[in-house]
Amino acid sequence: MWRCQIFDRARLMGWSLLLGVNVLMLDVYAQELVPNQPPIEVSIAGEAAYFYLQGERAARQRDYAAAAKYFAQALQRAPSIDVAERTAQAAYLAGDDTLAMVAITQWQALDAASVDASELKLRIVLRAEDVASAPQSTQLSQALQDFVQHYPKGVEDGLYQAARILVGVRARQDAKFDCQAAMQHLRDAYPQQAMAHYGYALTALTMKDDVGALRALSTAQQLKPSWAEPVSLSMQWYIEHDELPTALATARAAVAQHADLLMPLANLLLDYKADDSA
């Protein structure tokens with residue numbers, strides 16, 4: 001039996017909004033493989049090993065189309081989660097969405113709880129020209145709702161990840177893509193979910209709709225008063241726009257309702273060198 005190595009893809013985190021809440025501003029699947037990362041070992045035998053090794057060689061040469069075909073051959077002969085993932089990633093990078101979706105289907109059949117498979121599937125839908133050019137389309141609405149409804153870690157996390165991916169599409173793939181209009185689908189579908197409004201705020205800030213973002217953050221806070229992030233993001237906006245008194249008033253009102261918010265909000269002020277105010 002051959003012991004082959006598969007290199008994990010790079011995971012790059014973009015700008016950090018606050019309090020450890022991160023948004024991926026770059027499409028992680030568009031990044032190069034990092035050859036010095038700790039490898040994931042995959043056990044395959046016979047012909048599958050040959051095709052897999054050829055796929056690895058092609059991937060290192062950045063010939064993702066060839067890599068995807070080789071990996072697909074290996075997958076046919078030795079179905080496994082890792083080989084399915086590798087096939088889907090290479091096909092995505094090569095622009096072969098048909099092969100990528102076939103590999104993702106097998107990937108999810110082998111690992112229904114795979115977050116990466118769900119996210120890659122949504123990225124493929126989002127980069128389709130007819131969807132990217134029509135963020136208010138029924139097709140996109142259905143794709144986003146399916147993503148959130150079946151997200152392995154639950155609806156709340158699915159809403160956040162959807163917002164993160166939409167912002168990434170805007171930043172990385174298509175500067176004309178209206179991620180805010182796309183996120184509106186999920187805000188409408190989950191009006192009682194604070195995360196839907198928080199995610200909408202992230203996309204609104206990306207689209208430079210500050211008023212819409214602040215309104216969405218206010219709604220998120222009302223729906224989940226004990227949650228620090230909407231208050232913190234509102235405060236950050238006010239501080240960065242030289243409206244410290246408003247930021248302080250926002251913090252006091254939130255702390256008056258939930259004393260547990262005192263420390264994270266005070267830490268935010270300290271981070272902005274507003275020590276006396278904190």
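Predicted model: local features only at pLDDT ≥ 70, side-chain atom pairs only at ≥ 80, totals over all residues.

Visitor: Why is Ala143 called buried?

Guide: Its relative accessible area is 16%. Buried means under 20%. Ala143 is therefore buried.

Visitor: Where does Ala143 lie, and which residues is it in contact with beyond its neighbours within four places in sequence?

Guide: Ala143 lies in helix α7. Leaving aside those neighbours, Ala143 is in contact with Leu122 and Val125. Ala143 and Leu122 are 21 residues apart in sequence, yet 7.0 Å apart in space, C-alpha to C-alpha.

Visitor: Which residues meet where α7 packs on α9?

Guide: From α7 come Leu140, Ser141, Leu144, Gln145 and Val148. From α9 come Ala182, His185, Leu186 and Ala189. By class, this contact has 6 nonpolar, 3 polar and no charged residues.

Visitor: What makes α12 roughly antiparallel to α13?

Guide: The angle between them is about 165 degrees, and their axes are 7 Å apart. Over 145 degrees counts as roughly antiparallel. So α12 is roughly antiparallel to α13. This crossing is left-handed.

Visitor: Which residues of α12 and α13 meet?

Guide: Val231, Met235, Tyr238 and Ile239 in α12 meet Leu244, Thr246, Ala247, Thr250, Ala251 and Ala254 in α13. The contact has 8 nonpolar, 2 polar and no charged residues.

Visitor: Why is Asp242 called exposed?

Guide: Its relative accessible area is 73%. Exposed means over 50%, so Asp242 is exposed. Asp242 is found in the loop between α12 (228-240) and α13 (244-257).

Visitor: What is the phi of Asp242?

Guide: About 60 degrees, a positive value, although Asp242 is not a glycine. Most residues other than glycine have a negative phi.

Visitor: Which loop holds Arg62, and what is its phi?

Guide: Arg62 is in the loop between α1 (46-60) and α2 (64-77). Phi of Arg62 is near 65 degrees, again positive in a residue other than glycine.

Visitor: How do you know that Arg62 counts as exposed?

Guide: Arg62 has 56% relative accessibility. The cut-off is over 50%, so Arg62 counts as exposed.

Visitor: Which residues touch the most other members of the largest nonpolar core?

Guide: Leu126, Leu166, Leu186 and Tyr198 do, in a core of 35 residues. The elements giving two or more residues to this core are α5 (115-126), α7 (138-149), α8 (155-173), α9 (179-189), α10 (194-206) and α11 (210-223). The largest share, 8 residues, comes from α10.

Visitor: Which residues is Leu166 in contact with, leaving aside its neighbours within four places in sequence?

Guide: Leu166 is in contact with Leu126, Leu144, Phe177, Cys179, Ala182 and Met183. Apart from this core lies another, of 24 residues, among them Tyr52, Ala91, Ala100 and Trp107.

Methods:
Residues numbered from 1 in each chain as written. Heavy atoms only, no water. Core = buried A, V, L, I, M, F, W, Y, C linked by side-chain atoms within 4.5 Å. Buried < 20%, exposed > 50% of the residue type's maximum accessible area, 1.4 Å probe, protein only. Contact = heavy atoms within 4.5 Å. Nonpolar A, V, L, I, M, F, W, Y, C, P; charged D, E, K, R; others polar. Axes fitted to C-alpha atoms, helices over the stretch in contact; angles between N-to-C directions. Parallel < 35°, antiparallel > 145°, perpendicular 65-115°, else oblique. Left-handed = near helix turned anticlockwise from the far one by under 90°.
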